[in-house]
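Subject: Structure handover

Hello,

Here is the structure I promised you. Please open it first, then read my notes below.

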Amino acid sequence: MMKLDLDTATRGDLWQQVVGEMERYHDQISEVRVAPVLDIGSIRDRLSAFDFERGMPPSEAVCFAVNGMWRDQVHTPHPRYFGLFNPAPTSMGIAGDALVAAFNPQIAAWSHSPFASEVERHLILALGRRFGYPGDAIDGVFASGGAEANHTAVLCALTHASPRFAREGVRAMASSPLLYVSALSHDSVLKAARLCGLGTDAVRIVAVDSRLRLAPETVGAAMERDRAAGNAPIMLVATAGSTSAGVIDDIAGLGAIARRHGAWFHVDAAWGGMAALLPELYSLLDGIGQADSITFDAHKSLSTPMGAGIFLTRHPDILEHTFRVNADYMPRDGASQAGNMIDPFAHSMQWSRRFTGLKLFLSLAVAGWEGYAGALRHQVAMGERLCRQARADGWKVVNDTPLPLALLTDGGGVDAAAVAQAVVASGEAWVSSVRLPSGAAAIRACITNYRTQPADVDALIASLGRARAALGSASGGAQRTRA
Ligand SMILES: *Cc1c(COP(=O)(O)O)cnc(C)c1O
């Protein structure tokens, strides 16, 4: 009978097998299709063999899982995955996650995991400073991702709007609280509004201007109208790097509007926060240091494995007021420590949780800010190449951002969504399509991978060209050749 704890020899073989498989994935990933041929029946068939009545040898179980992931997933670490901000994970990040699984620190009570808690605090302070927060007023918490960080922000905004919110909930609000977001903001804010008991009707989705940015005057006017009608604008969310278009809102301008209305100002920089690591792009984030809170995802532009979102705030008390509840069974031995020891469970919507910060700590310790700047600069350069090659091949770039995300349309009327689908089906690359405010579709291609090279970008352009030609001739349109 197999046991939960394997014997020394079997364990040694297991670790070797796992490491070997991770190396093979790293080395051979660019040789496979980026996206799988979707086939739910075959996956369920293979799984149906597992009734768990009897155990199996570890090596067979690992083989089954490895083959499943090779075969049935979009390979987001693939250099020709031009997708949804999902990176190739850093080597140190993978090592960090593996070590965390083994040591399994419990980050709820500080005194259970003082090292892990202090590593995360140290990272929060370092990141806060990168975003221009004053050194003596930085707080924050690691989250599962940007969605949880945005949810945390909405809860902080409510707590900030009324000190009674923590006990009375939205019933504490004299007038209807409203949140303001751009039409291109991430829908996790809508979800957060629902989860906070506000409901999605409390979110004012404000139209973007011709550059796909939220215009401060438009938001200001909406807030004034709503206030005159007896509502309470409590929060304004600027997006730094919109998910669909990569565009960065006018952060300073929106911050001024939020302050004028006494609304909590949150900057969702889940992906676009990368600009804070590049001196040449930093000015894109002008004003972010004045934001009440910031969302940033280490598992996007900092390329850690999944599950590393970050919430930052310049209000050192707000997380405590938002999340602290008294729990008798939680250990209090940390109270003997001098200084501002923080129990992570009192700063987060999670309780027992993983040591999320280690994968970032190890990545940053080894690469340094310089190493990250180099990787991000490379991605920006690949984005520029993508735009250049796309234009040369007759595509129009319809978004305006220095970040490496291009929205492409075809002047000749071939449907962009169909082109994106054909590219994905070919297995040669992965791109998606988005709907522009005009109603037209655009191909969305984003450099999310520090390993993407010029040849990968060129391969994407070629693949897009083939798909367009096939669709163009199928619909009787003129076939084009490369300019
Ligand atoms: C990805 C993204 C989110 C959600 O983050 P998750 O890490 O997927 O939870 C929120 N906001 C923006 C702008 C994003 O790009």
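Helices and strands here are DSSP runs, numbered from the N terminus; a helix needs at least four residues and a strand at least two. With those labels, F52 falls in the loop between α2 (40-48) and α3 (58-71). One caution before the rest: this is a predicted model.

**The whole chain**

The protein chain carries 14 helices and eleven strands. Along the principal axes, the C-alpha atoms fill a box of roughly 65 × 65 × 45 Å.

Of the 483 residues, 51% are buried. The accessible surface is about 22,100 Å², and carbon and sulfur atoms hold 55% of that surface. Take the contacts with a separation of 6 or more: 75% of them join residues 24 or more positions apart. As for charge, there are 43 positive and 47 negative charges, and their mean positions lie 4 Å apart.

**Helix α6**

Helix α6 covers residues 146-161, which is 16 residues. From first C-alpha to last, helix α6 reaches 22 Å, close to the 22 Å expected at 1.5 Å a residue. How much of α6 is buried? The count is 13 of its 16 residues, so the rest of the structure largely encloses this helix.

Is F52 buried or exposed? Its relative accessibility is 69%, and the cut-off for exposed is over 50%, so F52 counts as exposed.

M56 sits in the loop between α2 and α3 too. Its relative accessibility is 30%, so M56 counts as partly exposed. Along the chain, M56 and P36 are 20 residues apart; their C-alpha atoms are separated by 27 Å.

**S303**

S303 belongs to the loop between β6 (293-297) and β7 (309-313). Phi of S303 is near 60°, again positive in a residue other than glycine. Its relative accessible area is 4%, and buried means under 20%, so S303 is buried.

R391 is part of helix α12, residues 357-392. Its relative accessibility is 49%, so R391 counts as partly exposed; the exposed class starts over 50%.

G465 lies in helix α14, residues 454-474. At 17% relative accessibility, G465 counts as buried. Which residues does G465 touch, leaving aside neighbours within four places in sequence? They are D393 and W395. G465 and V419 are 46 residues apart in sequence, and 8.8 Å separates them in space, C-alpha to C-alpha.

**Where to look**

Start with F52, the exposed residue at 69%. Then turn to S303, buried at 4%. Finish at G465 and its contacts, D393 and W395.

Best wishes

Conventions: Residues are numbered from 1 along each chain as its sequence is written. This is a predicted model: local features need pLDDT of at least 70, side-chain atom pairs count only at pLDDT 80 or more; totals for chains, interfaces and linings use all residues. Side-chain values use heavy atoms; hydrogens and water are left out. The expected span of a helix is 1.5 Å times one less than its number of residues. Buried means under 20% relative accessible area, exposed over 50%, partly exposed in between (1.4 Å probe, protein chains only). Contact means heavy atoms within 4.5 Å. Accessible areas come from the Shrake-Rupley method with a 1.4 Å probe; for residues, only the protein chains shown count as cover. Lys and Arg count as positive and Asp and Glu as negative; His and the chain ends are not counted. The place of a charge is taken as NZ of Lys, CZ of Arg, CG of Asp or CD of Glu.
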